[in-house]
Amino acid sequence: MQSLLNKKIVLGISGGIAAYKTPELARQLMQEGASVQVVMTEAATQFVTPVTMQALTGNPVYTSQWDNSVANNMAHIELSRKADAILIAPASADLMAKLSLGLADDLLSTLCLARDCPLLLAPAMNKQMWEHAATQRSVQRLHDDSVAVLGPASGFQACGEVGIGRMLEPSEIAEQTIAFFQKKILRGKKVLITAGPTFEAIDPVRGITNHSSGKMGFAIARAALEAGAQVQLIAGPCDLPTPLEATGKITRTNVTSAKEMHTATLAATDCDIFFAVAAVADWSVAKPAKEKIKRQGKEAPNLEFIANPDILLDVAKTVKTKGGKPYPYCVGFAAESTNLEAHAQEKRKRKGIPMVVGNIGPDTFGSDLNQLLVIDENGSKKIAKAEKLELARQLIQLVAKKI
Ligand code: C5P
């Protein structure tokens, strides 16, 4: 799936050492289907060459407004008129100050002033420059002018200092650019999601878990963020990166056991939508050993199990109504090997929730692909096989209509 298919992006580069990462950003945008037209300031050409950007994007790179090799030298000002967005990475303190004042003294700043498309900036500068009152004034003005400012991040800086001002990584900028183009159908909404497996200890080194990768739950978290929601993600043990973390709109709580997941989730039920995507263990070991159980010849230990709390059921019990709608709107998941629709419908009723989403197997665990059967009071609706992120976006659309 390409999330930027048919999007035309003018990629501006201003003069900063983070420009060494921009070729990678261009590549990632193009992998997502965007066509990329690069415009560089003169200072940017000190850090990365126009030839590099031209070779990667397959498009001529513009660096000057006085380019007499272009037949109609107003033509490249037209670039921004054809674009779906201008994205500048890195955006230097100098460029941001200029843009905040509406100055237009080179090609890139002129394009920005002449544009009729959104502008996204990924600032990159030294900590002192970012924190300077003048830069903060520029950022505030740019916000007021509806310019999207992506980042910056904190961490090691090229000057040797550590602090805020680093450009976001290319993957984060690409992820946020993709998010920018999604419809904000959950703006102002709070979404709670459980994801991944749980791990039930037998002793300090062993435990019982399952094959859930967490990918579907994390995809739903990303799709909800893209739709403008604030997300609380309660994740069982899985290695996946937190989606759109740099936006600051997602809080992730890592848990291990079903009990921990239950406590963390029940503490966060003040939300508009709850997606119970986690594959929660049904049982845990009644008395996990404090020390590693030693092997005793051929004898195997007898483990006693107790039932885990049902997180979804307990959240469903907290549901109130707000504006005549259930709050939170609870969505359960079902992974069944047989009779998916009947089992899912039974689950929906038993748990007293309005929607259950069935994974149409057989190989959904760990895969990037899946297909879903959405079951609600009106019956069932199939979402055809696609990448989990695409399925998550479609599911978010369905649920957004419900609330
Ligand atoms: O029938 P089952 O209880 O397995 O239903 C699965 C659904 O319930 C999933 O949405 C899962 O996240 C949720 N669940 C839960 N707590 C449990 C077991 C399942 O939230 N202990």
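**Entry 1: the largest pocket**

I looked up the residues around the largest pocket of this predicted model. Its lining holds 41 residues, and those nearest the centre are Val277, Ala278, Ala279, Val280 and Phe333. I noted a volume of about 990 Å³ for this pocket. I then asked which elements each supply at least two residues of the lining. They are the strands β8 (190-195), β15 (305-307) and β18 (329-334), together with the helices α9 (215-226), α11 (311-317) and α12 (340-351). By class, I recorded 19 nonpolar, 14 polar and eight charged residues in the lining of the largest pocket.

**Entry 2: the second largest pocket**

Of its 25 lining residues, Glu175, Arg222, Pro241, Pro243 and Leu389 are the closest to the centre. Two or more residues of this lining come from each of α1 (22-31), α8 (170-180), α9 and α13 (388-402). Helix α8 gives the largest share, five residues. I counted the classes here as 10 nonpolar, six polar and nine charged.

Trp283 belongs to strand β14 (residues 283-285). I classed Trp283 as exposed because its relative accessible area is 56%, and the cut-off for that class is over 50%.

**Entry 3: Gln296**

I located Gln296 in the loop between β14 and β15. Gln296 is exposed, since its relative accessible area is 56%. I also looked up its separation from Arg27: the two C-alpha atoms lie 57 Å apart, and 269 residues separate the pair along the chain.

**Entry 4: backbone exceptions**

I kept in mind that most peptide bonds are trans and that most residues other than glycine have a negative phi. The bond from Ala89 to Pro90 is cis, with omega near -5 degrees, and Pro90 lies in strand β3 (residues 85-91). A cis bond also runs from Gly151 to Pro152, with omega near 5 degrees; Pro152 sits in the loop between β5 (148-149) and β6 (153-156).

Leu244, which is not a glycine, has a positive phi of about 45 degrees. I placed Leu244 in the loop between β11 (230-235) and β12 (250-254). Asn339 has a positive phi near 45 degrees and is found in the loop between β18 and α12.

Definitions and conventions:
Residues numbered from 1 in each chain as written. Predicted model: local features only at pLDDT ≥ 70, side-chain atom pairs only at ≥ 80, totals over all residues. Heavy atoms only, no water. Helix = DSSP H or I, 4+ residues; strand = E, 2+ residues; numbered from the N terminus. Buried < 20%, exposed > 50% of the residue type's maximum accessible area, 1.4 Å probe, protein only. 1 Å grid on protein atoms, 1.4 Å probe; cavity = no way out; pocket = protein on both sides within 12 Å on 5 of 7 lines; lining within 4 Å. Points joined across faces, edges and corners; volume = space filled by probe spheres on them. Nonpolar A, V, L, I, M, F, W, Y, C, P; charged D, E, K, R; others polar.
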